[in-house]
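Colleague: I'd like to learn how to read a few features off a model. Can you walk me through some?

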Amino acid sequence: MKLLVSILFLLFAIPAVAQPSFRCSGQLNATERAICDSPTVSALDRRMAALFRERFASLNAPRQRRLRAEQLTWLDWRNTCGRSERCLQTRYQQRIADFMPGLVPVPIGTPPPGPDDVVERRVRNGRMETVYGDGRIVWQSISGGSFGTDYPNGTVDMATAIQIPGAPVPPLPANMSEWGGTVENDLLTIIDQLLPPPDRLPYRDLFSHEPYPERMLSHLSVIQHLTGE
C-alpha cells in the first residue's frame with residue numbers, strides 16, 4: 001500500500017521544475033529535448049532511472065548485460081514518441097511497471113495514442129518517416145525509390161518502387177538563377193520551421209549536390225509530408 005501511495009504521489013504531485021536523469025545540454029535528439037522541456041516526464045525519467053540502477057545493482061554480470069541490452073531496446077522504443085508528451089508519459093509508466101511487478105500504471109492526463117494515431121512526422125537519413133502510436137515507422141525515401149515499415153521488434157518490410165522517368169526538367173535560364181535561389185530559400189525556411197534544429201543541416205547537406213529541379217521537387221515532397229497534406 002505504501003508503494004502504491006508513493007507512486008501516486010510521484011505521478012500527480014510532480015514539482016513545477018524537474019530535471020531528468022541526464023544532462024539537458026549538448027547534442028540531444030528530439031525526444032530528449034521534449035523530456036527536458038516537461039517537468040512531468042523529467043520526473044518520470046528520474047524515477048525510472050533510479051529503479052533501473054537498483055535492479056542493475058542486484059544482478060550478477062550476465063544478467064546485468066541482459067538488462068543493459070533490454071534498456072537500450074526500450075530507449076529506442078521510447079524515442080519513437082518523438083516530442084509527444086502523452087506518448088512519453090505512457091512509455092515511462094510502462095517501464096516503471098516493468099521494474100515494480102504488481103504495480104498497475106496510473107494514466108496521466110490525456111489517453112495515450114492509439115496504435116494507428118500519428119505520433120510524429122519527420123525526415124531522417126534521406127527518408128520521410130511517419131511514427132505511429134504502436135511504434136511502427138512507415139517511411140518512404142525522399143527520392144521515391146523505396147518504401148517500407150520498421151517495426152518495434154526490429155523487423156523491416158521494404159519494397160523498391162519501379163520508377164519510370166518522365167521528361168527531364170530543363171535547368172533555369174541564367175537570367176533566372178537568382179529568382180530560383182530565392183524560391184528555394186523560401187522553401188528551406190518553411191522546412192526549417194517544420195524540422196527540429198538537429199535535423200535541419202543534415203537535410204540541406206542531403207541535397208546540396210543535386211540539380212536544381214530535383215532539389216525543388218524534394219523540398220515540395222518533404223513539406224507535404226511534414227504537414228500531413
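Predicted model: local features only at pLDDT ≥ 70, side-chain atom pairs only at ≥ 80, totals over all residues.

Colleague: How many disulfides does the structure hold?

Modeller: Two. One joins cysteine 24 to cysteine 36, with the sulfurs 2.0 Å apart, and at -95° about the S-S bond that link is left-handed. Cysteine 24 sits in the loop between helix H1 and H2 while cysteine 36 is in helix H2, so the pair ties together parts 12 residues apart in sequence. Cysteine 24 is partly exposed at 34% relative accessibility, whereas cysteine 36 is buried at 17%.

Colleague: And which cysteine does cysteine 81 pair with?

Modeller: Cysteine 87, also with S to S at 2.0 Å. The torsion there is about -65°, so this disulfide is left-handed. Both cysteine 81 and cysteine 87 are buried.

Colleague: Cysteine 87 makes me curious about helix H5. Is H5 largely enclosed or open, and why?

Modeller: Largely enclosed, because 11 of its 15 residues are buried. Cys87 is one of those, and Tyr92 and Phe99 are among the others. The cover includes helices H2, H3 and H4 plus strand E1. From first C-alpha to last, H5 reaches 21 Å, close to the 21 Å expected.

Colleague: Last one: what does the side chain of glutamate 184 make polar contacts with?

Modeller: Glutamate 184 is in helix H6 and counts as buried, since its relative accessible area of 10% is under 20%. Its side chain makes polar contacts with the side chains of arginine 215 at 2.7 Å and histidine 219 at 3.0 Å.

Conventions
Residues numbered from 1 in each chain as written. Heavy atoms only, no water. Helix = DSSP H or I, 4+ residues; strand = E, 2+ residues; numbered from the N terminus. Buried < 20%, exposed > 50% of the residue type's maximum accessible area, 1.4 Å probe, protein only. Polar contact = N/O pair within 3.5 Å; in protein donor to acceptor, adjacent residues only side chain to side chain. Expected span 1.5 Å × (residues − 1). Contact = heavy atoms within 4.5 Å. Disulfide = S-S within 2.5 Å.
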